[in-house]
Amino acid sequence: MVGKSEPINGTAKSQPPPSPLSPKSPDLLSGYFSFKSLKLKTKQQELLIRVSILCLVYILAFVTRLFSVLRYESMIHEFDPYFNYRTTLFLTEKGFYEFWNWFDSESWYPLGRIIGGTLYPGLMVTAALLYWGLRFLRFAVHIREVCVLTAPFFASNTTILAYFFGKEIWDTGAGLVAAALIAICPGYISRSVAGSYDNEGVAIFALLLTFYLFVKAVNTGSLSWGLASAFGYFYMVSAWGGYVFIINLVPLYVLVLLITGRYSMRLYVAYNCMYILGMLLAMQIRFVGFQHVQSGEHMAAMGVFFLMQVFYLLDWLKHLLSDTKLFQAFLRMTVTSAVGVGAVALGVGTASGYISPWTGRFYSLLDPTYAKDHIPIIASVSEHQPTAWSSFMFDFQILLFLFPAGLYFCFKRLSDATIFIVMYGLTSMYFAGVMVRLILVATPAVCLISAIAVSATIKNLTLLLRAKTKAPQSASGKGGSSGKAASKGSLDQSQPFQKNGAIALLFGAFYLLSKYVTHCTWVTSEAYSSPSIVLAARGAHGNRVIFDDYREAYFWLRQNTPPDAKVMSWWDYGYQITAMGNRTVIVDNNTWNNTHIATVGRAMSSYEDEAYEIMRSLDVDYVLVVFGGVTGYSSDDINKFLWMVRIGGGVFPVIKEPDYLVNGEYRVDKGAAPKMLNCLM
Amino acid sequence: MAIPLRLRAAVSISIFALLLILPSCSAQDIQVVNAERRIDLTSHIIKVFLTLKVENTGASPASEILLAFPPTQVDHLAVVKAQVATGKRKKKTYTPLDVNPKELPDAPNGTKYLSISLLNPLAAGEAVTLEVLYILTHSLEPFPVEISQSESQLVYYHDSALILSPYHIKQQITFIKTPTTKVESFTVVDPTHRAGTELKYGPYNDRPPHSYSPVIVHLENNSPFAVVEELVREVEISHWGSLQITEQYKLAHAGARHKGVFSRVEYQSRPGHSGVSSFRHLLARLPPRVHSVYYRDEIGNISSSRLRLGALKSELEIEPRYPLFGGWKATFVIGYGLPLEDFLFESPDGRRYLNFSYGCPLVETVVDKLTIKVVLPEGSKEPSAVVPFPVNQYLEKKYSYLDIVGRTVVVLEKNNVVPEHNIPFQVYYHFNPIFMLAEPLMLTSVFFLLFVTCVAYLHIDLSLRK
C-alpha cells in the first residue's frame, strides 16, 4: 500500500509538465481543446487515485484491527475497557443526565465513586452517539458491537486526519504516505484494536484533530479554524487525561515561535482563540473543572497567554514609538516586569494553595525515577515503566530510522507548520522514552515526520528518473519550460550512474516499506490482538486450547452470589468484576484512593486471622485471587504479590517487604519466608 | 387481527361449559377391575404409566372416566395423556383420548379430577382398558437439602401406595423404578417387595374409592436436575430463505444445594467420584441442516460446545462455563439458523404457515416457563396460531434491521413444559412478497442519493469569492 501510493502520486504530480511538451496537432484550436480535456483528465485522475488510495487506507486501517474479533470473538479486552463498557451501557440505558449524576456504589466499597465527576466522558458519549445514530437508522446493533468497533473506526478516521495534516505541513504526497503509515503502525494499533475500548482509541484522533486544526489556524490566521481547534481541544479534554500534553505543547510551540521571531498576527489569533475558548469549554468537563486556572500543569499555557498579550502590546508600542533606543529600554522594562509579576503571581498562588502542585504522574514524566521512589502504585503498572529500546523497534520499526531523516527535511524547509511537527515529534519521543504507554502519543508525529522523509525521498528519486526521459526533449530545445530545469544541467553530466542509483534506491525504499507492512501485520496479529481475558494456546496435538477461566469465575460470581455480595480482589480485577460479575468490589483500576488499596494489600499480606479482621471491617463476602501455577499463566497474583506488599507497606509500616523475602530473593516454593507462607495469599 | 385467537378461546370455553353441564354418571356405577401403575424415578422428570381396566356396572352408559390426583401432585402435573387400546394383541391400535380438568362439588380433601372422554360411551356391563401417561415435575425433594462435593444426592419421593381414584378398585399393583439399587428407606405397606431397582407395592384387593396410603421412598438419584427456569425462544422468519432462532436460557440445578467449597482440582482429577450430582454438559437436539450455531452469554462467547450434524437431527453438546452444582445457576443464549423451506409452507388458502416444534431442545429438562416468540416478516397480516395444547397467546411488535413499521410477533406462553411437549405447532399469516423488496430498495436509494450528492458537490462551486 505504502509502496504503491507513492510513485503513483509522484507521477500524478509531475504529469502536467510533460503534457504541454507534446503538442502533436498542428491545428491550434483542436490542439488547445485536446490539451484542455487531457489536462482535466489528469487532474481528475489524480483526484480519483488520491480518493481511492485514501478509501483503501481507511478500510485497511479498520480491517487490520479486526484480528482479535476473527480469532476470538467480538469482546471487550483488558481491564479499563470493561469499566468504559459498563459506563457506556449505563449511559445508553439510563440517558445522559442519569449518567452524569451517577453515584456508583458497586466500586470502592464502602466509599463508592461518583462516576460522572471522575471520568472523561468523551469515549462513552461518542459510543453512545454512534449507537443512537445506528439505532435511528434502524440498524439493530448491540451496544457491545459498537464499543468493540469504536477504536478501529476512530483509527480509520485518524488516517484521514493524518492525510490532511501531512498535506498541511508538507504536501499531498506526504499526507498519503502518512495516512498509510499510521494506518498500520503497531504503536497505534496496540491501543486501537477492535475490543480495546479505551480512552486512547478516540483520544489520538482528538489529539491529531486539535493539532491539525491549530496548525491550520496558525497557517491561515483564520478565526474559524481557531474556533474549530478549540472544539477539537474540548473533545480531547473530554476523552483523555493526555490533553495535558496539548495544553503544554501548544504554549511551548508558541514560545518557540516567539523566540525565533516568527511572531505574527496569525499566531496571535490562533492561540488566543484556541486557549480562551478551549479553556472555557474544558471547564465544562467535571473531572477537569477549574484545573486550567488552578493546577500547576496548566500554568504554562496561561503564562504564554499573558506573554502573548505583552508581545502584542510591545508590537503596538513599537509601531507607535519610532525611536528604537527608547523602545529597547521599554522592552527590557516591560519584559522584566511582566516576568516578575508572573513569577510573583505563581509563587503566591502556589504558596496559598490556590494553584495545586504537579501531580505524581506529571512528576514521573519529567523525572523517570520519581515514581519508583515515591509512588509505588504508579510504578506497579507495567505500562508506566520506562520504555525499552526493543519496544521502540517493535512499535516503529523503520519509522525509527525515517524519523531523523524526516526531521532533516523539516529543518530544510522550515515553516510554522514544520516547526510544530518537529516540536511535537521531539517532545513526544522524549515522553515515549519515559513511559511505555506514551509511545502512543508519539506515533502520529513519528508517522508524519517519517512520511515526509519517505515522500520527499521518493519524489526526488522519481524526479531523477523522469529527468532522464526529459533529457532528449530538452536537447531538442524546449527545455526551459519545466520548473526543474535548474537542476537539469547537473543531471545531464552523470546520467547513467544517477539513474541506476535512483532505481536502486527506489527498490530499497520499496523493500523497506514492504518489510514495514509485513512487520506491522505480524506484530498486530501476534502481539496486540489478544484480549488478555481469554487465553489461547496450542495444545499437544496442535489444536487450539482456550483458557476461559476469568470469565468462568466472573460469571459464577454473577449468577451464584447474592446481588449485594462484596468481592475483594487486587485492584487489577476490579473493573472486570463489576462489569462482568456485576458485584461490588473493594478497589478497582481507578486507583484514586491509595490508602484503600493499601488496606487490601495489607489484608492480602497479613496472617490469616489479622486478614480476617480487616476483611470483616470491609464487609467482604468473597475474595478473588488468581493462581496460574497449574496452567503456567505468569501474570497471576503470586507474581503481583510483592507489589501488594510494597503498596500496603507504603501506608501501613506493619507490612515490611523484607519479611517476604529470603535472602533478598522472592521465592514462592517451600523455601519461602514464613510470613509469606502464612499470609492470606 | 386477534379474532381467530379469540374465536378459538370462545369455542374451547363453550366446550368446557358443555362438559360441565353433561350429567355425569355416578361414580359408584363404574369400577376398576384391574389397575397397574409403573412409576419411573430414573430422572427428575417422573413418568407414571397407569393401565386401568374399567367396567361399567351401572345401568346407563358412561361417557367419561375420572382420574383423581392429590392437590400436591396436580400442581406438578405437566402432561396427562390417555389412550384406549382396541383390537387384539398383535394388531393393537391406540387411539388418543381427550383429557380435561373437571371440578366435582364433593371432592374429599381437595382432590382434583381430570376426566377422560371416551370415544364411544361405555355401555352397561362393558369393560375397556385405558392407558394413561402422566408426567410430574419438581416432585423429588432432595434430602439432605445440602450436600458437599463428594456426596451423592438423595431424594424423597412422596406418593400413595394405593391409587387415588373415585372408583372402587378391585385389584391394583404399583411398581416404582429407582435409578440405582441404593434405596435408603421406603415405607412398607404390606405386601411390599423390593428387588434390584424395582419396588413393588401390592397387589392390593378391593379398596374403596378415595383410599389413600402415603408412602415415602428415600432413594439416590444423581441424574442432572436440569431445570430451565425461563426459556424464551425467538423464531424470526425471513423470506429471503432463513429462519433465525434465538433461545435464551435461565438454567438452574434444582437438586440438593451445594455445601462448602468447590475444588476444581478434585473435580477434574476424579470425575467419577466427585460432584456426581452436578452436570457439566447438556445435549440439545436441533433440527437437521442447522447452520451458524452460536452459544454465548452476557459476557461473551462460551468456547466449550460441540456440534454434530446429522441427516435426521443435529446434536449440540453445550457445556456451561462452570459445572453446575445444586442451586447454582447459569444463563446463556443459543442461536442458530435453519433453511426456510423445511419449516415454512403455503396452505391451500394462500396463507403461509410456519410449522415448528414447541418445547425445549435440551434433552431431559423441565422448563418452568416457556415463551415462544414467532417474529413474522414486516408487512405480514392476520397471524393466528394453532397449538395442540392450551397456551397463553398475545401479539407484540419488534423492530429489527431497517424496519419501519415493525414486525408482528406472536407470543405463546406455557408453564411447566417437559420434553413430551416437543410437538409441532403452526402459525398462519398472510404475506405479500413485494415487502421483501422494501429493504433492498431502501438501501439502494440511499446509496444512489449519496453518490448523486457527491457528484453534485464536486460540480458545484460553493465559494463566495469569485
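Modeller: Accessible areas come from the Shrake-Rupley method with a 1.4 Å probe, and for residues only the protein chains shown count as cover. In this predicted model, the accessible surface of chain A comes to about 30800 Å², of which carbon and sulfur atoms hold 65%.

Biologist: What share of the residues of chain A counts as buried?

Modeller: Buried means under 20% relative accessible area, exposed over 50%, and partly exposed in between (1.4 Å probe, protein chains only). Of the 681 residues of chain A, 52% are buried.

Biologist: What is the mean pLDDT of chain A?

Modeller: The pLDDT is the predictor's confidence in each residue, from 0 to 100. Its mean over chain A is 82, and 89% of the residues reach 70 or more. Over residues 1–33 of chain A, however, the pLDDT is below 50; this stretch has 38 contacts (heavy atoms within 4.5 Å) beyond near neighbours in sequence. Residues 473–491 of chain A also have pLDDT below 50, with 18 such contacts. Where pLDDT is low, the predicted coordinates should not be read in detail.

Biologist: Is B:Tyr457 buried or exposed?

Modeller: B:Tyr457 counts as exposed because its relative accessibility is 58%. This residue lies in helix H4 of chain B; helices (H or I, at least four residues) are DSSP runs, numbered from the N terminus.

Biologist: How many helices and strands does chain A have?

Modeller: Chain A has 31 helices and seven strands, a strand being a DSSP run (E) of at least two residues.

Biologist: Which conventions apply?

Modeller: Residues are numbered from 1 along each chain as its sequence is written, while chains are lettered from A and ligands numbered from 1 in the order in which they are written. Local features need pLDDT of at least 70, side-chain atom pairs count only at pLDDT 80 or more, and totals for chains, interfaces and linings use all residues, while side-chain values use heavy atoms, with hydrogens and water left out.
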